Amino acid sequence: MLQVPVRDQSQASTKAVILVGGPSRGTRFRPLSLDVPKPLFEVAGHPIIHHCLKAVTKVPDVREVILVGYYDESVFRDFIKDASKEYPQLRIVYLREYTALGTAGGLYHFRDAILKGKPERLLVLNADVCCSFPLGEMMKLFEEKDAEAVILGTRVSNETATNFGCIVSDSHTKRVLHYVEKPESHISNLINCGVYLFATECIFPAIRSAIKRRTTRPRLLSYPSSDNLESSFIATGDDEDAEKSEVLRLEQDILSDLADSNRFFVHETKDFWRQIKTAGSAVPANALYLQKAFQAESSELIAPSATIVPPVYIHPTASVDPTAKLGPNVSIGPRVVIGAGARVKDSIVLEDAEIRHDACVMHSIIGWSSRVGAWARVEGTPIPVGSHSTSIVKQGIKVQSITILGKECGVGDEVRVQNCVCLPYKELKRDVANEVIM
Ligand code: GDD
């Protein structure tokens, strides 16, 4: 157990912000995001943001968590109601940006609400990452180094590193020497996990300086977001909108400048870390969170048996025939029905879906109220361990490795569906492979 220094416990306080984005993001999460906002999609039996929130609840001095995004106000209402009951010690609120303000623009826009109660530290979490959130270790490093900022980093392969923010650091002092968001060529394989701890007295002045700099030195701001969000593209300097816009990105506008200070440090995690961008990436995230729950001997999981290969989560309202074999890495949602002799592996089966007898589902997501017929096969291709991509090349075509059935799809008896993404309400009556079914 990590010990946070006493000064920290008694005097300092920490607030947390979870950046949830908005409906114009998460397009790569289609077809699932057509029916549920990505942060509320369930992996390992809980919404993606619940995993972030749970991690934050383990930091002793956090009393308030602010979800910042530009979804409609109503989107997180039920989630906040349920989470507030589960974590009564926390005040959980949602603050809505009037438009996409960027990862730092939202923080700055709501600075008064964030700074209320004078927190000394601010935790900022991207909602679309899956990891063990070693926030205690980050806090410890922050205190030890008297830091202005600590970023969570992880090592990835040299080939994938440029898809992320890249960190050059001093391995002895852990100081961040240089930060470049999605560089064009290789600079480091230590990448930004999208989890930060800031001293509030530093981060807001840093954002203010970035705004000032932009007003005095307007420039082309084409933000390399992996979602290629058009609304975060600001035209050239003499464009009035650019100067008026509050769109600011932590990664491009703030972090590289913080690296010039001597008080920006990186905590490198050796534990699991993945982004949740494509719909298929929910499958490895589901597996990693289930494995973590299994290691922690979570009572939410089903005990191993002849037909349960752990880890497996089954919602209490689901009905699973005792002869069906499930696991590993399977989540079964509310009111799902699984018939006799069915086989489900490395998959997520969503609310009200039905998998009829002797069907086989592997490396797939079965959408809400979808039906998989008797003796049917719905399957994707296993993602190599440690891979940060969910696409593969099959017969010269780039396809998703995970098969996804959207809401209310039907797969006929004995039909085989392989490496397909199927939009909602489709009926599959013949075998299909490597297709997007629209
Ligand atoms: N509130 C709010 N407002 N949230 C936003 C906005 C915005 O305008 N734009 C993005 N977000 C949220 C997204 O929902 C996501 O949780 C997070 O901020 C980052 O999203 P992107 O801007 O799409 O960045 P990215 O995922 O391509 O890259 C970021 O994350 C990587 C780790 O997953 C960068 O921080 C990379 O450096 C990092 O490696």
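In this predicted model, Phe198 is buried, with a relative accessible area of 0%. Tyr196 is likewise buried, at a relative accessible area of 1%. A pair of aromatic rings is described by the distance of the centres and the angle of the planes. For Tyr196 and Phe198 the ring centres lie 5.5 Å apart and the planes meet at 15 degrees, so this pair is stacked. A second pair, Phe272 and Tyr289, has its ring centres 6.0 Å apart and its planes at 90 degrees, and is therefore edge-to-face. This pair links distant parts of the chain, 17 residues apart: Phe272 belongs to the loop between β14 (264–268) and β15 (273–275), whereas Tyr289 belongs to helix α11 (residues 282–295). Phe272 and Tyr289 are both buried. Elsewhere, Phe29, Phe41 and Trp368 are joined into a cluster by ring pairs.

The protein as a whole contains eleven helices and 36 strands. Of its 438 residues, 56% count as buried. Among contacts with a separation of 6 or more, 58% are between residues 24 or more positions apart.

Two of the helices, α4 (residues 102–109) and α10, pack against each other at an angle of about 80 degrees, and their axes are 7 Å apart. Angles of 65 to 115 degrees count as roughly perpendicular, and α4 and α10 are therefore roughly perpendicular to each other. On the α4 side the contact is made by Thr103, Ala104 and Leu107, and on the α10 side by Leu250, Glu251 and Ile254. By class, this contact of α4 with α10 comprises four nonpolar residues, one polar and one charged.

Both helices can also be described by their burial. In α4, six of the eight residues are buried, so this helix is largely enclosed by the rest of the structure. The buried residues of α4 are Thr103, Ala104, Gly105, Gly106, Leu107 and Tyr108. The elements covering them include β1 (14–21), β4 (62–69), α5 (111–115), β6 (121–126), α8 (200–216) and α10. Tyr108 also takes part in a charge–ring arrangement: the charged end of Arg111 sits over the ring of Tyr108, 4.0 Å from the ring centre. Helix α10 (residues 250–258) has seven of its nine residues buried, so α10 too is largely enclosed by the rest of the structure. The buried residues in α10 are Leu250, Glu251, Gln252, Asp253, Ile254, Leu255 and Leu258.

Some backbone features remain. Most residues other than glycine have a negative phi, and most peptide bonds are trans. The peptide bond from Pro310 to Pro311 is cis, with omega near 0 degrees, and Pro311 lies in the loop between α11 and β16 (312–314). The bond from Gly327 to Pro328 is also cis, with omega near 0 degrees; Pro328 is found in the loop between β18 (325–326) and β19 (330–332). Positive phi values occur at Ala44, near 50 degrees, and at Glu297, near 55 degrees. Ala44 is placed in the loop between β2 (42–43) and β3 (46–47), and Glu297 in the loop between α11 and β16. Ala44 has a relative accessibility of 7% and counts as buried, whereas Glu297, at 70%, counts as exposed.

Conventions
Residues numbered from 1 in each chain as written. Predicted model: local features only at pLDDT ≥ 70, side-chain atom pairs only at ≥ 80, totals over all residues. Heavy atoms only, no water. Phe/Tyr/Trp six-rings, centres within 6.5 Å; stacked < 30°, edge-to-face > 60°. Buried < 20%, exposed > 50% of the residue type's maximum accessible area, 1.4 Å probe, protein only. Helix = DSSP H or I, 4+ residues; strand = E, 2+ residues; numbered from the N terminus. Lys NZ or Arg CZ within 6 Å of the ring centre and 35° of its normal. Axes fitted to C-alpha atoms, helices over the stretch in contact; angles between N-to-C directions. Parallel < 35°, antiparallel > 145°, perpendicular 65-115°, else oblique. Contact = heavy atoms within 4.5 Å. Nonpolar A, V, L, I, M, F, W, Y, C, P; charged D, E, K, R; others polar.
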